[in-house]
Amino acid sequence: MRPVQTAADLNRFIAFPYRLFRGDPYWVPPLRMDVKALLSKKKNPFFQHAEAEYFLARRDGQVVGRIAAILNRAHNDFHGDSAGFFGFFDAVDQQAVANALFDAAAAWLKPRGLSVMRGPASFSTNDECGLLVDGFDTPPTLLNPHNPPYYVRLMEGAGFAKAKDLHQFQSVNPTMPERLVQGARLITQRKKITLRKLDMKHFNREVERIKQVYNAAWEKNWGFIPMTDAEIDHLAKQLKPVVVPDLVVFAEREGRLIGFAAALPDLNVALKRNPSGRLFPGIVKVLWAARKITRIRILLLGLLKEYRMTGADALMYHWIWEKGYALGYRWAEAGWILDDNTMMNNALQRMGFVRYKTLRLYDRAV
């Protein structure tokens, strides 16, 4: 077990999952260049308020596991917490290997005054997070994890216990229940709430407006970490090439933004066509497959607190549903949703969604 110290080590850290999951029909290989940018402590604005160390486990000269130990000062400052995180966990099916990885991460976190190790989060709840514990027989959507079932055994065998479950919902229905739509429409008309799509001609200005409500709309959620302006700008720049304006909807009242929802085409459908994750020649296959995507992920929907019972959330879902269907999308995922967010879980089911996957965040004392 040793930390990543050289460029060659980093390449091995990035490459390991491509070898481990070769042949897995559901694992989706990200572009290696994107993973490298995510891990870069110079390019990723996450590291303006965080630190991390990457570790590789080897046996007989071959990599058999990897993990990142993460100190996220923004999380601990916001929650008054002393939690450390781990992410990018991958390992062969051997408890000894998993134990060694977790112990290495804990040994790095403990001297930094952290009492709990939580994860997986790569790097935070604003990124890909959670261990898949239910729903192994379907592919993950964009920015969601996938892992084999034995990871659950390795995690719990190393002494981790559930901290929180994150539910994901799917729908193949072309419409929402009309009674629900009409009721929401009446309430929003009474409250003078209107909807409009993202204006790509003024993309940067739209991002500035999102900044005004993003952190306020999610601040009471368990595990939520406010995003800095630099992080939102970085994310917007990454997602801009795949944004479909009709699938990003703003809710406004008298010109003031009170909430928004965003869905993205499930680019994983295209990335799956490039098993090596390399830019060339794989990008040609990715771009060709991207033309035929019929799946979307509704990854964000938030409202300012005072407007959460106005029906605006249902109307934003309906907007994405209606516009998406007109554009040729036939399947949608919503989530993730915290398992104890009863109001949102029930609302999605009333709208015709069905829970089909569960991710889990685990805790263990350091």
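The model is predicted. Two cavities of 30 Å³ or more are present, and the second largest pocket has a volume of about 290 Å³. Two cis peptide bonds are described below, S122 to F123 and G335 to W336.

**Second largest pocket**

- The volume of this pocket is about 290 Å³.
- Its lining is made of 14 residues, and those closest to the centre are L180, G311, D313, A314 and R350.
- Which element gives the most to the lining of the second largest pocket? The answer is α6, with four residues.

**Cavities**

- How many cavities of 30 Å³ or more does the structure hold? There are two.
- The largest cavity has a volume of about 130 Å³.
- A total of 15 residues line the largest cavity, and N173, I296, W321, W331 and A332 are the closest to its centre.
- At least two lining residues come from each of β13 (295-303), α11 and β14 (331-338).
- Helix α11 supplies the largest share of this lining, five residues.

**Positive surface patch**

- R273, K285, R291 and K292 form a positive surface patch.
- Members of this patch have over 30% relative accessible area and no salt bridge.
- R273, one of the four, sits in the loop between α9 (268-271) and α10 (282-290).

**Backbone geometry**

- The bond between S122 and F123 is a cis peptide, with omega about 20 degrees.
- F123 belongs to the loop that runs between β6 (121-122) and β7 (128-129).
- A cis peptide bond also links G335 to W336, with omega near 15 degrees.
- F88 is located in strand β4, which spans residues 83-91.

Technical notes:
Residues are numbered from 1 along each chain as its sequence is written. This is a predicted model: local features need pLDDT of at least 70, side-chain atom pairs count only at pLDDT 80 or more; totals for chains, interfaces and linings use all residues. Side-chain values use heavy atoms; hydrogens and water are left out. Patches are made of residues with over 30% relative accessible area and no salt bridge: like charges are joined within 9 Å, nonpolar side chains (Val, Leu, Ile, Met, Phe, Trp, Tyr) within 5 Å. Accessible areas come from the Shrake-Rupley method with a 1.4 Å probe; for residues, only the protein chains shown count as cover. A salt bridge is a side-chain nitrogen of Lys or Arg within 4 Å of a carboxyl oxygen of Asp or Glu. Lys and Arg count as positive and Asp and Glu as negative; His and the chain ends are not counted. The place of a charge is taken as NZ of Lys, CZ of Arg, CG of Asp or CD of Glu. On a 1 Å grid over the protein atoms alone, a cavity is a set of points where a 1.4 Å probe fits but cannot get out, and a pocket is an open set with protein on both sides within 12 Å along at least five of seven lines; lining residues have an atom within 4 Å of a point. Grid points are joined across faces, edges and corners, and a volume is the space filled by probe spheres set on the points.
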